[in-house]
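Reader: Hi! Could you walk me through a bit of this protein?
Author: Happy to, let's have a look together.

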Amino acid sequence: MTLNSLRTVLSQTESGRILHALCGVLEQWSEGIRTYFCSWDQCPFPRMEEARFIKHIYPLFFYVVQNWLGCEEEEDKQAVLKALAAMSVILLHEKQHTERVWEQLLWLLHQHRDNQGNFQVTKMLHYFLESLEGVRDLIPVGKFTAISAAVHAQLSDAENEPSPAHKEELSRCIVLLAQSRPEEMIAFLRSQLHGGKEAGRVAALRLLGALASQQDVPAIREKLPLVVEAAQSACSDPSAQLLWPRLLQYVVPAQYRGMLIPLSRCLQSLAERRERAGQHEEEDSDVTSSEEEAQLPAPQALLARLLVESAAPRAGAEHTVAALKLLQALRSTIHGALGAAWTTEIAFLLQYLEGKDASSVDSAEWECHLLKFLKVSLESMEDQAWSVALSQQLSEQLGTCPHGSWEKLFLYKALGSVLAACQDLSHVQEQLCRYLQGTNHVELSEAQGMIAVVSFAAERHFHLALDTVTTVAATLTRGRFPEPSGDWKNSDRLCRSSPAPKVGGKSARGERDRGCAPSAFLMGEPVMQGRNRSQAQSSQLQEKLGELLVQGQKNKEEAQAAHIAVMLTYSGMALHAPREHLLARVDADILGKILLLARAGHQDSQLKLALVQSITEVSCAIQAVGDCPGFGLLLKQEALGTLLDWIKEEPQDMAVYPMLLTLEQLSKVKPSLSREENRCLLSECCQSVFSHPSMEEIKARRRPLRAALNIKFLHTSCLEDLGWLMITLLEAEEPSATFEDIVHVLHDWLTSFNALEQERVLRVCAQVLGACEGRFELMKGCTCKQFGTLVGLLGPLTCDFLATCRKWAGVCLDYLLQMHAKTTNVKSQTWDTEHLCEEQESPDETALLETSNKTAQTVCRCFPSAQATDFMSMLAESLLHHTDRRAWAAGMWMTTFLEHCGKQLTS
């Protein structure tokens, strides 16, 4: 009860004495609970479960974090941190809260790292670690490493050196951490002895001395030999130096991938010994000859290989951790400036992997982390020659990777990231030209790799990359397709210059004189006579023509593949372009080139897919820039027209290609479409989607069952995409006018005699009305003026032959009534939708008419008189054009309306 009462008091407190008092209460209560947890076996009263206490502590902890952690007064902050530390220890007893506690602690340490004078955070950490008795084994390895690295960074910061008292507190934190994981702490300090700045090495050595003095702590006392061994850093070890170069030979070759885990452990140990031996120690002749014989791999090769091993999606967490730890051990071998940066970055990567297996790691997110790690590493080096060498090494390793492998695609992205960081512009341009010109665009994986290289390089060299692509593309895709080669022209000449053979072979020399090269057989054997010679010559010409036809087809395929690859390269650069540079060149230099390539290429399925993807990516890139007054995509109409032309020519393409998604993204880009253009767009899309062949028609065309099912699935998705396109247009344009246009377009489909078309349009109508109801304020009541028209169209459909049509019509009417209630500020008089849907599934015609009548009565009770004309017009239309159950339902709705609203209309 006391804890519950505290929750109501906290919200009334911001600072001062009351805050101090409340923090003290929270601290003391948490201390009492912790004591109870540790000694409840001795308590004479019935035992209370941990969850019961934690249930009340967590809301208090959450409130303090959200509201009090940012207080500015030092006294307030100290009280808050002590209370948080005490509550955190309690929450660690419940697994569902442990991650939040550790993340909060690491966040505080990050703040601490940024503010060297924040002594209170260190005191809070000390108090927290000191209170972990009984739960110390719960410190995860990744969190342990991150905390150790943060504390050590404080002690080794020479620019903002902590006060002596602060240093003492930091040292105590290290000792407390070591009590939990002594071996890991010793290994961490050992790694700091031989890397980074001198201040870091001195701090690590002092901390080892502090651990050596803890002889009264059993966990540390047992590891004293390791502490002493780590402290003896000045001793050389020639045997370790002899083994080192030989083991390094196995890191880079891919065939030794299975050895990485034991190899990583050995090299980590040897790296520590080598560093212990000292960098200025004179090497003996055996060591020198061993390194020369082993041919040590280049530092760039080590980094490239271990990055790939870290990115392996199915290798397992242990494999990835081994690669990262080996990178950490080889930091000084790879580059001398990486020590400080890699200590933090690799600790973060290891923490990310903690507790995850290969199936639970998001491969795309992990890949982004590794590429960011690569960029940070290159920035820390500030060594352009090294970056150039790394790009060359990545290119070499690309040549050894199997086609289509994940490894090769990752290397392409890594190469693009390296080129983005490189400031040698001539080298960057040379590499971009190399991949643009030398890639086999017909091979999909190679084309994807080229796109990745150029796109990632455009992150920092946007204008250079764009100009290079434009220049190279002009040579790759010159003309619509390559002109016939010289061989084609020669073949025509060859055919024209070959007259019918003459009896006796008198024309043999004449043919040779006119340029027809004889076969090697003719040159080396006696001249064939008569018919035999002419038959051999004819066969030779046919063979030559066949080769030329094959070569011509191959040239067309290569030209088409080049068109597609360049189109996707342009859109890829748009996605990676700096936002401040994109809009100035997106029109003519990106979208314009994409459309030009699309018109020049052969209009096959691959080109259509490429254009759809390219326009989508360009539209998304523009939206990512944000609102930019005065910007309008000049080629939006042309892009829209190209897509609509395809839809008109091949309506069924809508289900195969995600054109509706593309139209949705393009419609979000300024300038807005006119009402006439919106109607045209919606009309063409509805025609394509609603008139798509049924499953039975697809089967009748002798399509395989799997293909038919795939098309059905695609069409179902297409219906949803059409709904989202309409919703997007409502949000992007003036809602009321756009909704009127949507109703105008849907009218003919809602009155269709084709039941399948009606079902499809009702499904989309329900999706759009549901979005309008859910975003009523945003849509500004756009459905108000169309209420009567829609009810008149939908009402008779509640008695349709198809149960699905009846269901969707009922759902649409429910949404309309809810929006009407919001407009008139009256309580919604809706019905039980679930019960109605059950009644509408009845096969009995009389029951269906009764259900439809109930619906009509509900609607008429709140019908706006201003909408009566539109409503009656739609019902009259159903009576005139239909003779089925729908006409009966229309008459019933009209009668019900006149009974309930006739007097109101007369007045």
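Author: One term to begin with: a polar contact is a pair of N or O atoms within 3.5 Å; within protein, one must be able to donate a hydrogen and the other to accept it, and residues adjacent in sequence count only if both atoms are side-chain atoms. The model is predicted, so local features need pLDDT of at least 70 and side-chain atom pairs pLDDT 80 or more, while totals for chains, interfaces and linings use all residues. Residues are numbered from 1 along each chain as its sequence is written, and side-chain values use heavy atoms, leaving out hydrogens and water.

Reader: Thanks! Which residue caps the N-terminal end of α20?
Author: That is aspartate 362, with a side-chain oxygen 3.1 Å from the backbone nitrogen of alanine 364. Helices here are DSSP runs (H or I, at least four residues), numbered from the N terminus.

Reader: And what comes just after α20?
Author: Glutamate 382, which takes a positive phi of about 50°.

Reader: Which residues of α20 are buried?
Author: Among them are Trp366, Phe373 and Met381. Buried means under 20% relative accessible area, exposed over 50%, and partly exposed in between (1.4 Å probe, protein chains only).

Reader: New topic: where does lysine 636 lie?
Author: In helix α33, residues 636-649.

Reader: Is lysine 636 buried or exposed?
Author: Buried, with a relative accessible area of 2%.

Reader: What does the side chain of lysine 636 reach?
Author: The backbone oxygen of valine 669, at 2.5 Å.

Reader: How far apart in space are lysine 636 and serine 672?
Author: They are 9.5 Å apart, C-alpha to C-alpha, and 36 residues apart in sequence.

Methods. Helices (H or I, at least four residues) and strands (E, at least two) are DSSP runs, numbered from the N terminus.
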